[in-house]
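I set out to look up the pockets and cavities of this protein. My entries follow the structure.

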Amino acid sequence: MSKTSKGRFFEDYHVGQQIAHAVPRTVSGGERALYHALYPARGALYSSDEFARACGLPESPVDDLMAFHIVFGKSVPDISVNAVANLGYAQGRFLRPVYPGDTLRATSEVIGLKQNSNGKSGVVYVRTTGLNQRDEMVIDYVRWVMVRKGDLDAPAPDTVVPELAGAVDAGDLVVPEGLTFDSYDCALAGAPHCWGEYAVGEQIDHLDGMTMEEAEHMLATRLWQNTSKVHFDRTQRVDGKLLAYGGHVISVARALSFNGLANAQMIVAINGGSHANPCFAGDTIRAWSEVLDRAETSVPGVGALRLRTVATKGDPFVLRGAEGKYHRDVLLDFDYWVLMPM
């Protein structure tokens with residue numbers, strides 16, 4: 001019996017399947033420093049212990065998306081090592097901050113399956129949960145991924161496509177325990193614009209760009225222990241290109257959005273996300289955002305803003321072409337809730 005594993009293929013999944021992922025990961029300050037080296041991330045809450053304490057937290061947590069990458073990476077060997085591409089996200093909630101010293105692990109449940117018409121691959125829907133060393137949930141989200149079949153003659157499973165909410169309800173957003181913006185310092189955060197100054201429908205061009213380098217996205221893939229072959233094995237694609245990890249694009253777009261959304265301090269939900277077109281080394285990523293909704297939270301002075309941030313290689317405020325499909329320059333369409341001082 002072979003001691004090595006080829007990973008799961010589409011025919012190896014069934015609805016209701018529960019998967020406990022290896023290997024737990026203890027988060028360190030060094031990992032946060034490397035995250036900030038990969039992305040131009042400047043959120044004050046994630047950069048300064050003193051700023052975080054002034055906002056009622058015990059210390060500066062790691063970036064929300066860093067915690068997302070760690071949990072996501074745990075799931076890859078079991079869910080998407082034989083993936084063609086990761087397709088999207090929904091119903092994600094960040095349930096408590098992650099701090100240096102926390103140890104994260106992940107579990108997933110298969111909640112849907114749909115074989116593609118070509119019979120060579122299919123879409124697997126999973127709900128993945130990240131837990132800390134106290135078995136407390138820190139993040140929970142749904143994603144769907146296109147996975148190759150290992151046996152092309154394997155019968156197609158019954159199609160099950162889960163019904164997913166279009167957005168996390170504002171009433172279900174979790175404000176971290178102790179968080180307060182009563183002593184929030186806008187000057188230290190980098191911009192004066194708070195929750196009340198953003199209007200639904202407002203669009204923001206974040207102006208800056210970042211050119212994707214091969215070493216950067218491959219370093220991110222290895223850092224998050226993402227073993228999906230399309231990210232580091234050129235033989236997996238007929239064009240010989242390495243596909244950049246979609247989470248890398250999300251973090252670049254989030255970091256670029258600082259210019260215009262510096263006070264969008266914490267991501268508390270992922271409503272939806274689509275990797276509209278592949279991203280490769282040499283692409284220059286730019287970002288723009290649209291305000292989709294606003295809501296008050298249960299904590300006075302803490303507002304919630306629902307944003308769509310689009311990563312693109314082209315012009316701002318262009319999302320779809322004349323045929324209704326994503327424009328060829330659009331790399332990411334990301335819908336999420338953030339917390340912001342009111």
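Which residues lie nearest the centre of the largest cavity? I worked from a predicted model and found R42, G43, Y46, D63 and R254 in that position, among 18 lining residues.

Entry on the largest cavity. I recorded a volume of about 180 Å³. Helix 3, helix 6 and helix 7 (258-261) each contribute at least two residues to the lining. By class, I noted eleven nonpolar, three polar and four charged residues there.

Entry on the second largest cavity. Its volume is about 70 Å³. I listed its lining as D64, F94, L95, R96, P97, V174, P176, M266, I267 and V268. Strand 7 (residues 266-274) gives the largest share, three residues. The lining divides into eight nonpolar, no polar and two charged residues. For cavities of 30 Å³ or more, I noted a count of four.

Entry on the largest pocket. I recorded a volume of about 380 Å³. It is lined by 30 residues, and V84, A85, N86, H231 and L243 are the closest to its centre. Strand 2 (83-94) is one of the elements that supply at least two lining residues, as are helix 3 (64-79), strand 5 (137-148) and helix 6 (246-256). Strand 2 gives the most, with six residues. I noted 17 nonpolar, ten polar and three charged residues in this lining.

Entry on the second largest pocket. About 250 Å³ of space lies in it. Of its 14 lining residues, I found R96, P97, Y99, P176 and E177 nearest the centre. The classes here are eight nonpolar, one polar and five charged.

Conventions:
Residues numbered from 1 in each chain as written. Predicted model: local features only at pLDDT ≥ 70, side-chain atom pairs only at ≥ 80, totals over all residues. Heavy atoms only, no water. 1 Å grid on protein atoms, 1.4 Å probe; cavity = no way out; pocket = protein on both sides within 12 Å on 5 of 7 lines; lining within 4 Å. Points joined across faces, edges and corners; volume = space filled by probe spheres on them. Helix = DSSP H or I, 4+ residues; strand = E, 2+ residues; numbered from the N terminus. Nonpolar A, V, L, I, M, F, W, Y, C, P; charged D, E, K, R; others polar.
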